[in-house]
Amino acid sequence: MEYFLQQLINGLTLGSIYGLIAIGYTMVYGIIGMINFAHGDIFMIGAFISLIMFLVLIGLGLTFIPLALLIVMIVAMLFTAAWGWTVERIAYRPLRESFRLAPLITAIGMSIFLQNFVQIAQGARVKPLQPVVTGGYTIMEGNGFSVQLSNIQIIIMVLTVVLMAAFSWLIANTSLGRAQRACEQDRVMAGLLGVNVDRTISLTFVIGAALAAVAGLMFLLYYGVIDFYIGFVAGIKAFTAAVLGGIGSLPGAMLGGLIIGLIETFWSAYFTIEYKDVAAFSMLAIVLIFLPSGLLGKPEVEKV
Amino acid sequence: MNDTILDVAHMTMRFGGLVAIDDLSFTARRHAITAIIGPNGAGKTTVFNCITGFYKPTTGMLTLTHEDGAQFLLERMDDFRINQHAKVARTFQNIRLFGGMTVLENLLIAQHNRLMKASGYTFTAVLGLGAYRRHEREAIDLARHWLDRTGLLDRADDPAADLPYGDQRKLEIARAMCSRPVLLCLDEPAAGLNPKESEELNQLLLRIREEAGISILLIEHDMGVVMKISDHIVVLDYGRKIAEGTPQQVRDDPAVIAAYLGVEDEEVEEVEKRLEGEA
Amino acid sequence: MAATDQAQAPAAAAQPARSNRVVAALKESAVAALVAVALSLFLLGIRTVDAPGGLQLQYRWHLVLIAAAVVFAGRFLLRLLWWREENAGAPPAVAALGKAMTAFAERFGRFAAPLLVAFAIFLPLMPFADRYIMDLAILVLTYVLLAWGLNIVVGLAGLLDLGYVAFYAVGAYSYALLATHFGLSFWIVLPLAGILAAFWGIILGFPVLRLRGDYLAIVTLAFGEIIRVVLLNWYEVTKGPDGITGIPRPSFFGLAEFKRFGENTFHEMFGIPYSPMHRIIFLYFIILALALLTNYVSMRLRRLPVGRAWEAMREDEIACRALGINITNTKLTAFAIGAFFGGLGGSFFATRQGFISPESFTFIESAIILAIVVLGGMGSQLGVAVAAIVMIGGFELFRQAEEYRMLIFGLLMVAIMVWRPRGLVSTRMPTVFLGRKRKGISADYVQEGEG
């Protein structure tokens with residue numbers, strides 16, 4: 001029971017990270033109907049910028065952790081957003097009217113480029129960061145096993161909820177959100193009605209990248225090590241989460257993220273840790289095959 | 001007597017809460033042209049999609065009978081089997097050609113199942129064995145026949161997407177005919193055609209019925225085409241059959257006029273004009 | 001006189017337009033340079049280095065400046081020389097090269113192909129064909145084989161498969177395991193490995209039949225990764241990350257071995273002095289034969305009903321169904337036949353290397369093979385072959401700059417798609433003609449398939 005509870009906490013933490021990345025996939029898919037294959041690598045870049053910014057702040061002698069966290073988060077969001085914007089501008093915008101698979105292939109190219117760029121610029125070795133946020137609470141004890149809820153887990157979950165709420169509000173209540181929904185329905189018509197389609201799509205990428213940057217920061221704090229390759233697998237898992245929740249749906253992305261996080265954690269805890277990625281990948285296949293519109297998505301009727 | 005080729009009995013089609021077709025029954029006679037007409041959104045294309053297997057009707061029975069007495073329950077068959085075994089071919093409202101392939105290739109693909117068998121399901125033909133070449137020549141001859149009938153012979157080696165709109169409609173009919181159907185379902189074949197092309201289409205359809213002995217099921221908005229060539233007309237409105245009969249009976253039916261009056265002005269005018277012209 | 005006046009008037013009008021353009025280009029380039037600074041500030045400007053007691057930072061601001069300068073200059077030149085307006089397409093050189101390739105393939109394709117084959121056959125006799133060249137040629141041909149195999153799935157059937165490397169792996173491990181455990185010879189295992197891979201093609205193809213486009217791509221990618229993870233962790237069978245060593249080299253059709261000493265050696269059989277090149281040349285001819293077989297079969301299949309059904313499916317799946325084509329079988333045959341050739345390639349890879357490990361079967365391999373197919377022009381056999389030579393040969397040029405290879409590869413993939421999404425040879429050749437005139441079909445008409 002205690003073990004189960006501990007895994008539940010761990011799974012929800014991991015799921016929060018996946019959920020934040022999944023939002024980027026789901027928003028982009030919703031608006032331009034493509035898988036932004038490079039999104040996982042944007043997340044990786046967010047983690048790297050966070051790491052470097054932390055080290056810079058430590059170098060400057062800033063030891064008040066909450067302030068440092070806030071600065072790192074804002075800087076990472078800003079600079080990662082620039083990457084998200086650039087990727088869209090270079091690799092996707094010129095192909096918007098091209099055939100369907102072209103942007104997917106440029107996305108793969110971008111993904112390869114970003115991984116190798118970071119590998120060359122920062123080195124291929126794993127980058128450790130000493131624990132920044134420490135401490136926590138023991139919420140239950142028994143059978144010689146204590147259930148821990150660490151401060152970092154609290155931060156991750158609370159921050160995720162706050163960001164989710166903020167962005168859901170943004171999409172529902174601002175003109176940007178309206179423009180986004182209009183573009184999702186019919187891009188050409190939205191353009192004719194005066195919506196700046198290019199800008200709306202760019203902003204979607206920027207928001208997605210900023211959230212991925214937060215996820216990267218959380219990943220860094222939670223695991224304490226990153227490398228240039230973390231984006232690939234995390235990206236596929238987050239994409240699975242987006243599909244599972246119903247692609248195009250923000251709450252769906254979050255729900256999907258939590259489910260994938262839980263599945264991965266429980267699989268590792270009760271079965272084999274080596275095959276945890278197989279579990280996630282199989283989940284992706286199963287969901288797409290049996291539940292292609294996801295948990296919260298709308299089913300599609302084939303047009304003949 | 002084996003006079004009925006298609007018997008649609010109590011067919012209902014629901015999409016979620018929406019009832020697209022409500023308890024529809026009608027029959028199509030062999031060697032006849034049966035038209036389904038009705039205002040926009042009446043469910044005509046849905047009927048076609050059920051007959052050709054793209055949708056599975058929620059309830060109801062669709063029986064197709066061949067001249068030799070063989071019967072097929074279409075609602076239980078996969079879409080491709082309906083063409084392959086029950087011999088029903090169709091065209092689409094928004095033309096679906098293989099645009100990047102030539103006209104001739106389009107017509108050969110329509111003969112896929114015959115050629116597949118002739119190629120020993122690829123195994124013998126890939127080794128150069130068997131009589132595949134002879135069968136392919138026969139297939140090309142059939143294609144040539146229908147190209148000749150549709151006047152597309154000199155465009156055989158051009159990509160299908162390169163043809164003008166009217167020719168694309170004709171090619172789609174020729175392609176359907178190359179799959180050697182007994183029942184040909186045409187979804188608005190005259191849409192977008194000019195009067196001359198429309199008249200050519202009439203002649204083509206009549207010839208298909210006379211020469212090839214094929215039964216035709218037709219969805220059409222162009223009343224000129226419908227009234228001139230149909231033997232029997234079924235009128236749908238909101239998924240229900242509101243009238244049925246010969247062109248003369250249908251045009252005098254008050255329910256039909258009301259249905260058209262109830263929809264769009266231009267369509268009503270069109271109908272009235274046609275009716276006057278015919279009378 | 002009047003004529004020159006008229007000619008001068010537009011020229012004079014063009015003068016301010018030109019300077020406007022320069023100003024606009026300068027402005028745009030400045031913005032681009034600013035973005036470059038934002039992008040590179042952290043990742044290029046500050047480097048994390050391992051140090052005792054944690055990471056330390058190394059500041060390299062000059063790199064940020066260089067990046068900004070390069071972006072500024074590049075953008076400025078592009079804007080001034082090529083792009084009259086935004087996104088006006090590829091630089092003329094790229095466009096012209098593509099056009100030339102297409103025209104060349106259309107006009108001389110029938111001669112170019114036999115010429116290439118003849119060159120390939122006589123390559124080992126060329127004076128420059130040393131060990132290095134032959135190894136490179138073997139590598140190129142392996143990719144040609146794989147790309148032709150994948151071309152059946154992606155180019156003809158229009159199914160975007162991102163997990164093709166899985167079948168390559170199945171082929172390689174089939175040979176490695178059957179040869180090391182049961183002592184079966186290469187020539188027996190080769191077809192067996194192909195069949196096993198085809199079998200896996202069907203198993204993995206079955207669940208994804210209903211998926212389209214992006215979804216299909218990502219699931220095939222997931223399958224590829226699953227197979228790799230299983231290879232990595234199923235230690236009892238695959239030896240995991242250690243890989244399988246001592247995979248037997250192929251014999252001379254079971255008649256002789258390529259060894260310096262021992263019985264039945266190749267050089268004694270032919271009464272020639274021993275040379276390690278014999279085996280290399282023999283391997284070269286094996287892969288050449290396998291590649292030509294792949295080409296022959298796919299050219300042949302294209303003209304048979306099954307091949308036409310593949311292309312028709314790529315064009316319009318719904319129309320296929322209305323014409324009685326069984327989409328399930330048609331897709332599965334494409335997956336199976338593509339996988340079959342992947343399996344052959346894998347077997348060859350195993351016997352050539354003598355050692356395999358899951359390292360060789362990463363997603364990057366799938367991406368490279370796919371990039372070759374796309375660069376070649378989906379569906380064109382000649383284009384794919386040329387693309388493999390260019391791409392793998394190009395990789396070799398960057399041998400000194402090993403770590404920059406993938407970086408440039410990724411950028412190239414983006415550039416090719418943005419500038420020439422239809423690849424080098426973009427016309428489609430019809431499979432049958434009624435008349436005498438044989439001409440290709442412009443890519444504008446040809447669909448790429450939705451999955």
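## Close-up views of a predicted model

View 1. Where pLDDT is low, the predicted coordinates should not be read in detail.

**View 2. Confidence along chain C.** The average pLDDT of chain C is 83. A score of at least 70 is reached by 89% of the residues. Helix α1 (residues 2-43) of chain C has the lowest confidence in the chain, with a mean of 71. Helix α13 (residues 327-353) of chain C has the highest, at 93. For the model, ipTM is 0.86 and pTM is 0.85.

**View 3. The largest nonpolar core.** This core has 314 residues. Among those with the most contacts inside the core are Leu284(A), Ala147(C) and Ile372(C). Helix α8 (residues 197-223) of chain A gives the most to the core, 16 residues. Domain 1 and domain 2 of chain C each supply at least three residues.

**View 4. Around Ile372(C).** Ile372(C) is one of the residues with the most contacts inside the largest nonpolar core. Leaving out residues up to four places away in sequence, Ile372(C) touches Tyr143(C), Ala147(C), Val384(C), Ala387(C), Ala388(C) and Met391(C). Of these partners, Ala147(C) and Ala388(C) also belong to the list of residues with the most contacts inside the core.

**View 5. Where chain A meets chain C.** The contact takes 54 residues from chain A and 49 residues from chain C. On the side of chain A, the elements giving two or more residues include α2 (39-60), α3 (65-92), β1 (127-128) and α11 (276-290). The largest share comes from α4(A), with 15 residues. By class, this side of chain A has 40 nonpolar, nine polar and five charged residues.

**View 6. Helix α16 of chain C.** Helix α16 (residues 405-419) of chain C has 15 residues. From first C-alpha to last, α16(C) reaches 21 Å, close to the 21 Å expected at 1.5 Å a residue. Its buried residues include Met406(C), Phe409(C), Gly410(C), Met413(C) and Met417(C). An α-helix has 3.6 residues a turn, so residues three or four places apart point the same way. The buried residues of α16(C) pack against α3 and α4 of chain A, together with α14 (363-376) of chain C.

Note on methods
Residues numbered from 1 in each chain as written. Chains lettered and ligands numbered in written order. Predicted model: local features only at pLDDT ≥ 70, side-chain atom pairs only at ≥ 80, totals over all residues. Core = buried A, V, L, I, M, F, W, Y, C linked by C-beta atoms within 7 Å. Buried ≥ 20, exposed ≤ 12 C-beta atoms within 10 Å, placed from the backbone. Helix = DSSP H or I, 4+ residues; strand = E, 2+ residues; numbered from the N terminus. Domains from an automatic or database assignment. Contact = placed C-beta atoms within 7 Å. Nonpolar A, V, L, I, M, F, W, Y, C, P; charged D, E, K, R; others polar. pLDDT = per-residue confidence, 0-100. Expected span 1.5 Å × (residues − 1).
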